[in-house]
Amino acid sequence: MIDNKQLESIKKKYKELNDLIMDPNLLNDMEKYQETMIEHANLSEIYNKVVQYESLLSDFEANKELLQDDLDDELKEMAKEEHKTLEEELEKTELEIKTLLIPKDPNDDRNVIVELRAGTGGDEAALFAGDLYRMYTRYAERQRWSIDIMSTNEIGIGGYKEAIFMINGKGAYSRLKYESGVHRVQRVPETESGGRIHTSAATVSVMPEAKDVEVNIEEKDLKIDVYRSSGHGGQSVNTTDSAVRVTHIPTGLVVACQDEKSQLKNKDKAIKVLKTRLYEMMLREQQEKLAAEKRSQVGSGDRSERIRTYNFPQGRVTDHRINKTIYKLQEFLDGDLDEMIDALNTAAQVEQMTATEE
């Protein structure tokens with residue numbers, strides 16, 4: 001049973017927001033108006049569930065009283081069936097409210113910057129990084145999100161030693177935040193004549209895009225180098241110094257971008273990636289300081305943690321954090337990720353609810 005004080009608090013807050021929206025003076029402050037409208041929209045779903053829950057609870061109590069009356073057999077049987085249905089609906093609605101009460105990650109609606117890097121396995125690892133790049137871009141296309149390539153280091157046969165790209169779309173971080181970690185592939189490489197299965201790996205990092213107001217970078221803290229872009233094998237592909245390498249002196253972070261022909265565009269992209277990395281460092285420091293709060297196993301985002309295996313001989317994908325296996329490998333690599341993402345989000349919610357109840 002949900003605490004009645006929680007229900008009353010939600011209804012009170014919803015009424016306050018309704019009254020605030022009706023106040024014409026709110027329009028004088030557009031920033032506060034937008035914040036209020038977003039908060040109202042976010043609270044509406046849980047408020048409607050609370051109203052539904054209280055209505056069900058009222059019907060349930062009335063039905064319970066009815067069962068105490070002296071009814072004929074037919075009416076008593078109908079009342080028992082109604083009691084069972086109402087009880088199931090109450091439990092379902094209560095779970096939905098508890099899920100909605102879990103504090104929302106403030107970064108959930110943000111765009112993301114994804115960094116892919118080939119790990120152990122040489123060219124095969126780079127080819128696998130290329131598979132992951134196509135997998136995430138196809139998933140983004142399914143969601144009608146846009147892709148902006150920040151930086152790539154190709155090996156020339158369809159793979160990447162490194163690929164950094166931004167996915168622009170509402171809720172991108174909420175859907176992709178559990179993808180960070182080591183992804184492992186087991187398959188027979190195209191170059192392997194003996195038909196032996198090789199194991200290779202690639203590292204994925206998913207970071208919420210930083211806003212300018214959150215990460216302030218002083219120009220004096222940056223060391224900017226320009227050089228000529230190079231293609232496969234190191235050959236020059238540009239006659240001008242358009243590639244940019246930005247070093248953040250206080251932290252030693254280095255970001256290089258060379259995909260654009262414009263030096264200015266490469267610099268802007270490099271600084272955007274740098275700000276996002278600094279923001280992620282800040283978030284990680286905050287998480288580590290919250291020692292009393294239980295760290296979520298699903299959401300730890302440890303890049304050194306092996307999180308998933310893509311097994312080609314068996315046609316399966318296994319996520320080791322939640323022990324879930326999907327036997328649709330090709331569809332998965334074609335961007336059909338929702339089943340796995342939904343399972344990861346559900347596992348994280350259950351873990352958060354358990355931690356809250358302890």
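**Close-up views of a predicted model**

Arg277 and Glu115 are both buried, where buried means under 20% relative accessible area, exposed means over 50%, and partly exposed lies in between (1.4 Å probe, protein chains only). The structure is a predicted model, in which local features need pLDDT of at least 70 and side-chain atom pairs count only at pLDDT 80 or more, while totals for chains, interfaces and linings use all residues. Residues are numbered from 1 along each chain as its sequence is written, and side-chain values use heavy atoms, with hydrogens and water left out.

**View A. A salt bridge between Arg277 and Glu115.** The closest N and O atoms of this pair are 2.7 Å apart; a salt bridge is a side-chain nitrogen of Lys or Arg within 4 Å of a carboxyl oxygen of Asp or Glu. The pair links distant parts of the chain, since Arg277 belongs to helix H6 (residues 263–289) and Glu115 to strand S1 (residues 112–118), 162 residues apart. Helices (H or I, at least four residues) and strands (E, at least two) are DSSP runs, numbered from the N terminus.

**View B. A salt bridge between Arg187 and Asp131.** Here the closest N and O atoms are 2.8 Å apart. Arg187 lies in strand S4 (residues 181–187) and Asp131 in helix H4, so that distant parts of the chain, 56 residues apart, are linked. Arg187 is buried, with a relative accessible area of 11%, and Asp131 is buried at 17%.

**View C. Helix H4, residues 122–142.** The 21 residues of H4 reach 31 Å from the first C-alpha to the last, close to the 30 Å expected; the expected span is 1.5 Å times one less than the number of residues. Because 15 of its 21 residues are buried, H4 is largely enclosed by the rest of the structure. Arg144, which follows H4, has a positive phi near 65°.

**View D. The hairpin of strands S7 and S8.** Strands S7 (residues 243–248) and S8 run antiparallel and are joined by 5 bridges; two strands pair if DSSP finds at least two bridges between them. The hairpin has 4 residues between its strands, and Gly252 in the turn has a positive phi of about 80°. Arg245 stands opposite Ala256 in S8.
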